[in-house]
Amino acid sequence: TSEDYKIAGKTTFQNLLDWGVKQEDIEKAIGQPLPAANLLIKDWAAAEGLSFSTLKSQLQALVDAAR
C-alpha cells in the first residue's frame, strides 16, 4: 500500500534507497553527501538544525516519484 512508503519519524535514509530513491536525488534534496544509511532522517535533520517537516516534504516527493 502507499502507506508503506510514507516518511515518518522512524524512516531511515536506507528506507529511501530501498524504496527506489536514487542516492544523488537524496543528496540534492539535503544539500550534502548521504549520511549513514541507518540514520533516522528525523534525527539527522535535528542534528543539522533543519526542519524535519520541510525535509520530509521534499523527500516524500522523491519517494512518490520513484514509486
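1. Quick ground rules first: helices here are DSSP runs of H or I with at least four residues, strands are runs of E with at least two, and both are numbered from the N terminus. The model is predicted, so to speak of local features pLDDT has to be at least 70, side-chain atom pairs count only at pLDDT 80 or more, and totals for chains, interfaces and linings use all residues. Residues are numbered from 1 along each chain as its sequence is written, and side-chain values use heavy atoms, with hydrogens and water left out.

2. Staying with Gln60: this residue is buried, at a relative accessible area of 11% (buried is under 20%, exposed is over 50%, partly exposed is in between, with a 1.4 Å probe and protein chains only). What does the side chain of Gln60 reach at 2.9 Å? It is the backbone oxygen of Tyr5, a polar contact in the sense of N or O atoms within 3.5 Å, where within protein one must be able to donate a hydrogen and the other to accept it, and residues adjacent in sequence count only if both atoms are side-chain atoms. Setting aside residues up to four places away in sequence, Gln60 touches Tyr5, Lys6 and Ile7; contact means heavy atoms within 4.5 Å.

3. Phe52 is another H4 residue worth a look. Phe52 is buried too, with a relative accessible area of 17%. Neighbours within four places aside, Phe52 is in contact with Ile7, Ala8 and Gly9, and also with Ile41, Lys42 and Ala45. Lys42 sits ten residues from Phe52 along the chain, and the two C-alpha atoms are separated by 5.6 Å.

4. Now for helix H3 (residues 41–48), whose buried residues are Ile41, Trp44 and Ala45. Why do these end up on the same side of H3? They cover an arc of only 100° around the axis, the arc being that of the directions from the helix axis to the C-beta atoms. Over on the other side of H3, Ala46 and Ala47 are exposed. The buried residues pack against H1, helix H2 (23–30) and helix H4 (52–66). Just after H3 comes Gly49, with a positive phi of about 75°.

5. On the H3/H4 pair: the axes come within 9 Å and cross at roughly 130°. (Axes are lines fitted to C-alpha atoms, for helices over the stretch in contact, and angles run from 0 to 180 degrees between N-to-C directions.) That makes H3 oblique to H4; the scheme is under 35 degrees for roughly parallel, over 145 for roughly antiparallel, 65 to 115 for roughly perpendicular and oblique for the rest. The crossing is right-handed, where right-handed means the near helix is turned clockwise from the far one by less than a right angle, and left-handed means anticlockwise. Ile41, Lys42, Trp44 and Ala45 make the contact from H3, with Phe52, Leu55 and Leu59 on the H4 side.

6. H2 and H4 pack at about 155°, their axes 10 Å apart, and are therefore roughly antiparallel to each other. Their crossing is right-handed. Asp25, Ile26, Ala29 and Ile30 of H2 meet Leu55, Gln58, Leu59 and Leu62 of H4.

7. Phe13 belongs to helix H1. Is Phe13 buried or exposed? Buried, with a relative accessible area of 0%. Sequence neighbours within four places aside, the contacts of Phe13 include Ile26 and Ile30, then Leu34, Pro35, Ala36, Ala37 and Leu39, and finally Ile41 and Trp44. Leu34 is 21 residues away from Phe13 along the chain, and their C-alpha atoms are separated by 8.0 Å.

8. Two threonines deserve a check in the viewer. Thr12 is buried at a relative accessible area of 13%, and Thr11 is buried at 4%. A polar atom of the Thr12 side chain lies 3.3 Å from the backbone nitrogen of Gln14, while the side chain of Thr11 reaches the backbone nitrogen of Ala8 at 2.7 Å. Beyond four places in sequence, Thr12 touches Ala37, Asn38, Leu39, Leu40 and Ile41. For Thr11, the corresponding list is Lys6, Leu16, Trp19, Leu39, Leu40 and Ile41.
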